[in-house]
Amino acid sequence: MTGGAPQVFAPWDDPKAKPLIEFRGVTKRFGDFTAVDAIDLNIYPREFFALLGPSGCGKTTLMRMLAGFETPTEGHILLDGKDLAAVPPNRRAVNMMFQSYALFPHLTVYDNIAFGLKRSDMPKSEIDGRVTEMLKLVQLGPFAKRKPHQISGGQRQRVALARALAKAPKLLLLDEPLAALDKKLRHDTQFELMDIQEKTGTTFVIVTHDQEEAMTVASRIAVMKDGRLLQVSTPPQIYENPNSAYVADFIGDVTIINGTAEPHPDGYAVHWAEGQAPLVVRSPLTLSSGQACHLAIRPEKVDVSKTRPEDDNVVKGEVIDIAYLGNLSTFHVRLPGGQMLKAQKFNTEHSARKEITWGDEIWLSWSDECAVLLDR
Amino acid sequence: MRRLSWFNVTSLTLGFAFLYVPMLILIVYSFNESKLVTVWAGFSTKWYGELFRNEAFLDAAGVTLRVAFISATIATVLGTMAAYVMVRGGRFFGRTLFSGMIYAPLVMPEVITGLSLLLLFIAIGLDRGVLTIVLAHTTFAMCYVSVVVSSRLVTFDRSVEEAALDLGCTPFDAFRSVTLPIIAPAVISGWLLAFTLSLDDLVIASFTAGPSATTLPIKIFSSVRLGVSPEINALSTILIAIVATGVITASLVSKRAIARQRQDQRAAVAGA
Ligand SMILES: Nc1ncnc2c1ncn2[C@@H]1O[C@H](COP(=O)(O)OP(=O)(O)OP(=O)(O)O)[C@@H](O)[C@H]1O
Ligand SMILES: [Mg+2]
């Protein structure tokens, strides 16, 4: 800490910060298929970096290039400022937890975890303590003497995690580390991971399909699609200010309304349906008049009422579906012209929501700050 | 259980008769009292005694076992290495040609393999004996081993090796401490295959054996040409017994291993 005031952890905003990993124009092709496409990315020490994206978008390939199992077709990867190209996997201060776990089937759980330690410069006397510590962390103490085929899928996943963590590497790559765990264990392990990260200062790169998980653990999230990075930002940034309809749709629940923009005081008016008032939105973007655009509206920002409210945007629609989630309900509402809009309400007052049922005509409203205007 | 139709019963009977009647006759006659092979004169085990007093046969048996053991071992090492490179080496220049060439001896007529080896040994002035038979058997058994091992390697999850590298193994260490233990069953079957191939090879051995060393198949073949003696029947019966025991043990062991693994898996699922 240099300044007097407590600093937030945001090395990516600090031009003087030295990244731990630098991708410089990294492309990976398999034959004529491009799995990773010209990626530029810096990951900083002590970060918890999450990679999010649909299946087959190149997340694992990116990790494998970091671990040294694939060589970039083009570009360079730097670790601590040094080009990794000539460093074989066994000499990289990087450990990876494989998506397929890749446990050693002929070794016990204990020996799987001890495997890397035995090949490090850790003194023999300390190995046992370290393995026991790892076993305790992933709650597998009683299974230490079993072989991988004698334990369940979730337990295997935890062995793989413990094995990758054991060496306390500078950089830890986790490829969907928690996918096979039940919700409670997953939450516990998430916090455990963050705790480990805090204690050891290890940098984590984690691949996940669970955006809630990414939101919970990550310092920054990268959304990938077709081998490209669409957006790299902090979780709140990526949720509140997605830079494209794809990202908005990928992270969290959202309604995307397509339309054309027309300049308006403080922003734009979006024409979205014949005979309907345009929707107004504040935006830092500069769009030309009549340009095609998208409006992303999060369901929790939309108010639901039975009588017409006063707001910047007010539309009327018919309730098609109600998803009751316990603490809140999601209303799927059809607007004139067929456009669907999702709105969410906390179920605070008892039975009050019962007033709105399927087929009801209701009013939806939101202010001009609550939607996000997107040009792609 | 389904009842077998008359057609199935007939084909089963015919097939098995075809396979085993000759052997059965051989076994029965090995216990024949008479010196004449085709005339039954009562039960006796005297030919077995005779056999064990026959120095020439015992020598040949010794040579055969030694050759089989050494050549199977060398062939297993070389064959495993070749399979590893073929499956794991990725695409290197001439890979298709190499893999084709490794498997070519499988279909090459043995006479040609034997003859070419003979020519080679004469050309380099190597005296024919145990060494030349070992070399010859290694050459042709190696490709069988490499077929067996590479079929195991292609179904092997590559990421397990990568995990070993990731955890600090050198490629050789990863092979020794991870790959080899996992493919061990295939390597052992490869060795057994090479061993039996060497044990019953006649053609290649007769090209490469010299006066100083004869293998059992050569010995049997040459003495049969002077007329089948009950001693040969006894010897063959012993060989059949050894091979049968080996095969049955191997299949029992592997069946047990599979059953145990299933049981473990069920226990794991139940206990989880
Ligand atoms: N060795 C390879 N040869 C050819 N294509 C490959 C190879 N490895 C990966 N690919 C392709 O590259 C693309 C990216 O694969 P990758 O494994 O990185 O996806 P992913 O983002 O990890 O997906 P998932 O979420 O399903 O794990 C896929 O379309 C895949 O088919
Ligand atoms: Mg993947």
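Tutor: Two strands pair if DSSP finds at least two bridges between them. Keep that cut-off in mind while we look at this predicted model.

Student: Okay, so what makes β11(A) and β14(A) a pair?

Tutor: Count the bridges: six join β11 (residues 255-264) of chain A to β14 (residues 292-297) of chain A. The cut-off is at least two, so the two strands pair, and they run antiparallel. For a spot to look at, Asn258(A) stands opposite His294(A) in β14(A).

Student: And how do you know that β14(A) pairs with β20(A)?

Tutor: By the bridges again. Four of them join β14(A) to β20 (residues 371-374) of chain A, and this pair is antiparallel too. With at least two needed, the pairing holds. Here Leu295(A) stands opposite Leu373(A) in β20(A).

Student: Which side chain has an N or O atom 2.5 Å from an oxygen atom of ligand 1?

Tutor: That's Thr60(A). The side chain of Lys59(A) also puts an N or O atom 2.7 Å from a ligand 1 oxygen. Both pairs pass, because the limit is within 3.5 Å. Taken alone, ligand 1 exposes 630 Å², and the protein buries 63% of that.

Student: Which element gives the largest share of the shell around ligand 1?

Tutor: α1(A), with three residues. The shell has 13 residues, and by class they come to four nonpolar, seven polar and two charged.

Student: What lines the largest cavity?

Tutor: Phe23(A), Leu41(A), Ile43(A), Phe49(A), Leu51(A), Leu62(A), Met63(A), Leu66(A) and Val205(A). α1(A) gives the most here, again three residues.

Student: Why is that lining called nonpolar?

Tutor: Phe, Leu, Ile, Met and Val count as nonpolar, so the lining comes out as nine nonpolar, no polar and no charged. The space inside is about 40 Å³.

Terms used
Residues are numbered from 1 along each chain as its sequence is written. Chains are lettered from A and ligands numbered from 1 in the order in which they are written. This is a predicted model: local features need pLDDT of at least 70, side-chain atom pairs count only at pLDDT 80 or more; totals for chains, interfaces and linings use all residues. Side-chain values use heavy atoms; hydrogens and water are left out. A residue is near a molecule or strand if one of its heavy atoms lies within 4 Å of it. A polar contact is a pair of N or O atoms within 3.5 Å; within protein, one must be able to donate a hydrogen and the other to accept it, and residues adjacent in sequence count only if both atoms are side-chain atoms. Accessible areas come from the Shrake-Rupley method with a 1.4 Å probe; for residues, only the protein chains shown count as cover. Helices (H or I, at least four residues) and strands (E, at least two) are DSSP runs, numbered from the N terminus. On a 1 Å grid over the protein atoms alone, a cavity is a set of points where a 1.4 Å probe fits but cannot get out, and a pocket is an open set with protein on both sides within 12 Å along at least five of seven lines; lining residues have an atom within 4 Å of a point. Grid points are joined across faces, edges and corners, and a volume is the space filled by probe spheres set on the points.
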